[in-house]
Amino acid sequence: MTFKAFIFGLLASFGFPWLVAVVLPFSKMRSLEPIKYEEGAAVSGVFIPKRDGRVTEGSIIYGQEGCYQCHTQLIRPTYAGNDVFRDEWAGLRKTADNADTRRETLAMDFEGEKVAHLGQSRVGPDLANLGRRLEQNLKGSELTPEDWVLQHLYNPRGVRNYRVGSQDLPERSSCPSKTSLFELVALNGAGGGFLAVDTEEGKGVRPKDRARQLASYLISLKKDTLGQPLPEILNHNPQATVVE
Amino acid sequence: MAETTSTAESNDVALRASIDRSLRHPVMFFFTSGAVWLALAIVLGLVASAKKHSPEFLSCFSFLDAGRVDGAHMSALIYGWGAQAAFGIIIWLMARLSRKECTNAGTILAVGHLWNLFVFIGLVCILTGNGSGIAYMEFPGFIWPLLILCYLAITIWSLVQFQVRDAGHVYVSQWYLLAGLLWFPWIAVTAFLFVFVFDGHPVMASAIAAWFKSALFLLFFLPTALASAYYLAPKVTGRPVYSYNLALFGFWALAFLGPWAGMQKLFGAPIPQFLPYAGAAAMVLILIPAISVGINILQTVYGHGEIVAESPSLRFTSSGVVLFVAYGVLSFVLHTVPAMKMTQFSYSGYGLDILGLYGVFSLCAFGAIYFIVPRITRREWLSRRFISWHFFLSLYGVASIVICAVVGGVTQGQGIEDVAQPFATMAERASQYGWGVTLAWAFLLFANLFFCLHLLLMWARLGRRSSHPTLLKGHHAESPHGPEGEIDNIGSASA
């Protein structure tokens, strides 16, 4: 083996996969073809999942706080896992009150984020539809989804009023408390926006801006078909298991 | 460490001594600061692991926030310890094999300090919540180009040395060194540009970050470890490498497979579907280079069981090579499609990463350090007991982490796939294995305390002045300074 052949081998063995697995997919994914609704569908135009909330800033904070270490945001297709069948991970199941809104995660779901926080490990539940789950489970409760998320961030083992019988029993949560996102301030003349948690006498816990951005991002996680129906071409919804 | 200097000509000995002398400051700096980072990385690993099962652990320190600690732990392990140990090995080995003195030790040493500074700043950013928030690339964006520049300023001289060497045989170790040296900047620059600079799709950014992590191990740390193994095994046993053709095959197998791996982490994610499958296939096939390297190195030392047992360098290196074969087998098992479904989002990936970084790379690096340090300091290691403890605790610790993480990961994955089982039940069951991982990090912490202390003593030039290398023999030597009579043999430290 000559030295030239050796260097050529190094460049070729690395360069080819580099081109095929990194550069080409990157440029392909950069300009994805927009997907149009078919003729005669209830919605018309191009499919863009709607999200409201402080998605861009919230996504950065989500990453900086390392939430992706223990939570995923990926409902895998059925060839890759059973995620769509787990309670409310992929959307709502069909009941008397609502339709089956489950779907797999799509590339368009991450619009507005710098990087998709697909996640490392499922130490905690998948969050692809956290916003939807909260909205559904807090129906009729005095807590809003934002209250719940903020309280959960402050003390994950202290939040109540979550639907009884849910699989996400908060008392058993092993989520760490993100107290650094909150400040302890004197109640006197400090305005509002305090969290409904017990703390020192005369003081209140108030979320910093960072906490509010993160909460807004978490509530925006509604990657199912309720707000936005899927075009037929993307609809792989398996036969729903009906929960009456 | 039976180096066969007796037959070599005296000017050969003098050349080697002068090469060692020319490099002693940067190499010692990389090894000692690397060892300190390793201790820190282990502490962070312990905290990160503890927080997974006991979330209130150390919760009074907000900078030790779970999530942030995970990123800091891996970054300290990879860039604090791994990269610096690799730099030390690369510059020393390349100088020795090219038979050229280092004329840029001052530059390398100065840039080495900068590297440490940037890693430190990066870690502070992660721990204060100012990291990039991208899995596997947690340092903030501005740190990456600085680290890449430092890398170039540290290693470019090794390429120059190779280029100006006297024509002659190119050793197997040099293939691996050259390959790692060329691939690293390509990988790092690609990852930096495609993740931080170019405006691409968010899913692809995370895919490329996953590819980066995998390529960094398979195409930089692993080649460096194997270069050291291919140097030490023949050197210490005094035999040639078992099979040149097998070495060639193992090398090219790694070169062809390594760059494909990484994106299997995104199995089921909305990216072009062949990417995760290509990654998984490459990780399955990694068994091939693992077996070829394993056979080759172990056949080289085969029949020299006594030397393997007595020589600290060879003992660590051989264990590293055996664990590389284990890495290949585990990678094979974990990346088949049914297993991936289960273990994709579980602890087992972490187990495999630690097996690679600690079991394979670090054990080989320890082997190299036990060989190199006495040569550049001209002092022998102080205590064979420290080395023994380091060895056994390391092996025990890394085995425990990998077993707990992989078995725990499978339990976790099974629980997630079994939709009839509540998520919380699964989480509770899997967290029991987290306790095992935490304990195992404690073992590694002890192992590294012995190592770090020993290395710092050597750095302070408190090593034994002796012509007898410190071997791990079971008999005599009550004193940690080795048998009497070897201590005061001033002036004849082994070359």
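**Helix packing and the chain interface**

Mentor: Helix α6 (residues 202–237) of chain B and helix α9 (residues 287–301) of chain B pack with their axes 9 Å apart, at an angle of about 20°. Axes here are lines fitted to C-alpha atoms, for helices over the stretch in contact, with angles from 0 to 180 degrees between N-to-C directions, and helices (H or I, at least four residues) and strands (E, at least two) are DSSP runs numbered from the N terminus. This is a predicted model, in which local features need pLDDT of at least 70 and side-chain atom pairs count only at pLDDT 80 or more, while totals for chains, interfaces and linings use all residues. Residues are numbered from 1 along each chain as its sequence is written, and chains are lettered from A and ligands numbered from 1 in the order in which they are written.

Trainee: Is α6(B) roughly parallel or roughly antiparallel to α9(B)?
Mentor: Angles under 35 degrees count as roughly parallel, over 145 as roughly antiparallel, 65 to 115 as roughly perpendicular and the rest as oblique. The angle between α6(B) and α9(B) is about 20°. The pair is therefore roughly parallel.

Trainee: How many nonpolar, polar and charged residues are in the contact of α6(B) with α9(B)?
Mentor: Two residues are in contact if their C-beta atoms, placed from the backbone, lie within 7 Å, and the residues concerned include B:Leu226 and B:Ala229 of α6(B) and B:Val293 and B:Ile297 of α9(B). Ala, Val, Leu, Ile, Met, Phe, Trp, Tyr, Cys and Pro count as nonpolar, Asp, Glu, Lys and Arg as charged, and the others, Gly among them, as polar. The contact of α6(B) with α9(B) has seven nonpolar, two polar and no charged residues.

Trainee: How are helix α13 (residues 348–377) and helix α14 (residues 384–417) of chain B oriented to each other?
Mentor: Their axes come within 7 Å and cross at roughly 165°. That angle makes α13(B) and α14(B) roughly antiparallel.

Trainee: Which classes make up the contact of α13(B) with α14(B)?
Mentor: Among the residues that make the contact are B:Ile354 and B:Leu355 of α13(B), with B:Val398 and B:Ile401 of α14(B). By class, the contact of α13(B) with α14(B) divides into 13 nonpolar, five polar and no charged residues.

Trainee: How far apart are the end C-alpha atoms of helix α11 (residues 312–334) of chain B?
Mentor: The expected span is 1.5 Å times one less than the number of residues, so the 23 residues of α11(B) should span 33 Å. The distance between its end C-alpha atoms agrees with this, at 32 Å.

Trainee: How many residues of α11(B) are buried?
Mentor: A residue is buried if 20 or more other C-beta atoms, placed from the backbone, lie within 10 Å of its own, exposed if 12 or fewer, and partly exposed in between. By that count α11(B) is mostly covered, and the buried residues number 17 of its 23.

Trainee: Which element gives the most to the side of chain A that touches chain B?
Mentor: Across the interface, 57 residues of chain A are in contact with 62 residues of chain B. The elements giving two or more residues to the chain A side are α1 (3–30) and α2 (55–64) of chain A. With 13 residues, the one that gives the most is α1(A).
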